[in-house]
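Q: I would like to learn how to read a two-chain model, feature by feature. Where do we begin?

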Amino acid sequence: MRNVAQSLRPVVAALVGLLLGVGLTAFAGENPWQVLVVIIQGAVGTSYDLGMTLFYATPLIFTGLAVALPFRAGLFNIGAEGQLLMGAVAVAALGVSLPNIPAPYSAVLAVLVAFAGGALWGAMAGWLRAYRGSHEVITTIMLNFVAAGLTSWVVLALIPSTDSQNPESAKIGAGYMWHAFSLFGGAPVTAALLLAGLVALGIWLALKYTVRGFELKATGLNTDAARFAGIDTRLTQLWVMAIGGGLAGLVGVAEVCGNSGRFRLGFSPDYGFIGIPVALMARAHPLGLVASALMFGILQKGTSELDLETDHVTKDLAGIIQAMVVLAVAADGALAWLMRLRRQTAAKGGRAHG
Amino acid sequence: MDSYLLDICGASARLATPLIFAAMGGLICERSGVINIALEGMMLVGAFAAAVVTYDLSSPWLGLVAGGATGLLLAAFYGWIVLPLRANQIVAGTGINMLAYGLPPFCAKVLYDVTGSTPAIDLVHRFAYAPIVIALVLPVVLAAGLRFTRGGLWLQFAGEHPAALAAAGINVARVRWAAVLASGFFAGLGGASLSIFLSSSYSRNMTSGRGFIALAALILGKWKPVPTLVACLFFGLADAMQMRLQGIELQYLGKVPVQFIQILPYVVTIVVLAGFVGQARAPKALGK
């Protein structure tokens, strides 16, 4: 029972953050309650809205996993944004340069290539951390910017759009496109959502039942102890970051094959960074993470309605609310920790007096 | 040729100004043992407040102060979350940045009923050169302060050996609070120099990663004021070259893609972090 209460705490923190963010709209002369209603209705009001929410949640499952898996190994991956760009550019380059590959093969190939693109970027940060001692937080921040520059060059110079003036790549071959499920009124919900769910399930099982999963967790819990126990912790750090990057790279499949059919510059509304609170809220648990990705999907879709439905609030509120949620969740772990500490010192004091 | 060189130097110093302010803010914060990846956000709110105050009161000096004060205010929020609440500094920093992306457009909508940018400020009400001068003097003052004053010593001990500082009867948390607030103030000045010196208004996400470049300069400068200043000037030069190299063909190399020059600071930082060109050594107690 206490375990349930423990895992509910970040959810409560997230709700507090949400209410704080929505409460801010009072300053803009809006009724916060109405704003909340607009957000909820915008997210799940019609089957199309629900579809869009699921569409936004899909990349967040991937980036959430990309943050959560290294987190379990004691590494902080804030490079999911760069990794997903590399995955997307790899898929776009594949689809543009080999346009005639037919359906089942093209899908497999796209998944592999997207994974490889992101994995390369993650492995770089992992290698730098494990073998050169460079802190992964700084290197992944820097690699994000390098990826942004590099992908923009590849897209605009090597595979530029042939049919439009927008900053985007040419269209990929038709055989690569994934079909949207008919359930959601035309919203681009494709098999990528199922892929995300299966991957999350697979990672949960792998963490629980495999030797590699155990090595990963051991490295995260105590690197020194893991090393003495004979685990190659450096290699573990390297491949964990590689897999994390690869998972972020799969966002490329959801976007390029499942939605636009091309790499559009700036397609990601910071999926990589939102992956951090998604992972944190779930305490890096792969299955819980699917739920928190859904919550952030609701936020993303719901707040996008604010431009139209309210007079003074724009969708920038999405960023503010997300930020409040992030900060509340971040500070929540701290509060729990403080309370534990207080209990401990109280217990100690009690013994001293007794 | 001479005038071309002079032109490049001037442009480098101008473009380095926001970086220098932010990097010095980051330096103070990180020397005290607190990571600050929220420099970008503090710059953004500083840029916005400076543009608003300068536009409304027609005084760049008041704008500059407002920019610094607003950066400080956001830093106080950050400090509250990471110091007494002990939240993870990376996550909190990311959250602060997200907040700072959203807040200015939200306020612009409330204040001027526009989305995104603030109204343009008249040329006469903008700075001509003052921020450059302050930015160039600041690192020297800071270097001297770190070396020769008691506060400077406290700051260094807070980051290297907080236990020793506490044993000496100094409140480590208070030193770190001061450092976090100062970092917000300087980052705010950096943002202000962007909106009322380099350009004439606030526009959406106008820092475009400069907070992170400042962080890169800080690492490149090994957390020391004057080397960090040099790193900022180097990145300023890269920025100045990028504008001038657009569309120019180089002998043998052909066209240099603009993106390659834009990513230069980050690549340089990664190479330095990897220890290929001297080792970067962070304060020992950073993030602890």
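**Reading salt bridges, interface and backbone**

A: Start with a single side chain. Arg227(A) is partly exposed, since its relative accessible area is 45%. Keep in mind that this is a predicted model.

Q: Which residue forms a salt bridge with Arg227(A)?
A: The partner is Asp224(A), with the closest N and O atoms 3.5 Å apart. The cut-off for such a pair is 4 Å, so this one counts. Asp224(A) is partly exposed as well, at a relative accessible area of 44%. Now look at the spacing. Both residues lie in helix α9 (residues 223-228) of chain A, three residues apart, which is about one turn of the helix.

Q: How many salt bridges are there over all chains?
A: The count comes to 11. One pair is Lys301(A) with Glu305(A), at 2.6 Å from N to O. Lys301(A) is buried, with a relative accessible area of 4%.

Q: How do I read the size of an interface?
A: Interface size is often given as the accessible area lost when the parts come together. Here, chain B and chain A bury about 3600 Å² between them, and carbon and sulfur atoms give 82% of that area. On the chain B side, Val91(B), Met98(B) and Phe106(B) lose the most area to chain A, together 18% of what that side buries.

Q: How many residues does each chain bring to the contact?
A: Chain B gives 42 residues and chain A gives 46. Polar contacts come next. Four residue pairs are in polar contact between the two chains, both residues being at pLDDT 80 or more.

Q: Which elements of chain B give two or more residues to the side that touches chain A?
A: They are α3 (60-82), α4 (89-112), α9 (210-220), α11 (258-262) and α12 (264-273) of chain B. The largest share comes from α4(B), with 15 residues. By class, the chain B side has 30 nonpolar, nine polar and three charged residues.

Q: Is Lys109(B) buried or exposed?
A: Compare its relative accessibility with the 20% cut-off for burial. Lys109(B) counts as buried because its value is 16%. Lys109(B) lies in helix α4 of chain B. Leaving aside neighbours within four places in sequence, Lys109(B) contacts Asp311(A), His312(A) and Thr314(A) in chain A, plus Val114(B) and Thr115(B) in chain B.

Q: Which side chain of opposite charge is nearest to Arg176(B)?
A: Glu160(B) is the nearest, 10 Å away. Arg176(B) is buried yet has no salt bridge. Arg176(B) is part of helix α8 (residues 172-198) of chain B. Not counting residues up to four places away in sequence, Arg176(B) touches several residues, including Ser32(B), Leu83(B), Pro162(B) and Lys288(B).

Q: Where is Ser58(B), and what is its phi?
A: Ser58(B) has a positive phi of about 55° although it is not a glycine. Ser58(B) lies in the loop between α2 (39-57) and α3 of chain B. At 34% relative accessibility, Ser58(B) counts as partly exposed.

Q: Where does Asn205(B) lie?
A: Asn205(B) is in the loop between α8 and α9 of chain B. Its phi is near 50°, a positive value in a residue other than glycine. Asn205(B) is partly exposed, with a relative accessible area of 34%.

Conventions: Residues are numbered from 1 along each chain as its sequence is written. Chains are lettered from A and ligands numbered from 1 in the order in which they are written. This is a predicted model: local features need pLDDT of at least 70, side-chain atom pairs count only at pLDDT 80 or more; totals for chains, interfaces and linings use all residues. Side-chain values use heavy atoms; hydrogens and water are left out. Contact means heavy atoms within 4.5 Å. Buried area is the accessible area (1.4 Å probe) that two parts lose on being put together, summed over both. A polar contact is a pair of N or O atoms within 3.5 Å; within protein, one must be able to donate a hydrogen and the other to accept it, and residues adjacent in sequence count only if both atoms are side-chain atoms. Helices (H or I, at least four residues) and strands (E, at least two) are DSSP runs, numbered from the N terminus. Ala, Val, Leu, Ile, Met, Phe, Trp, Tyr, Cys and Pro count as nonpolar, Asp, Glu, Lys and Arg as charged, and the others, Gly among them, as polar. Buried means under 20% relative accessible area, exposed over 50%, partly exposed in between (1.4 Å probe, protein chains only). Lys and Arg count as positive and Asp and Glu as negative; His and the chain ends are not counted.
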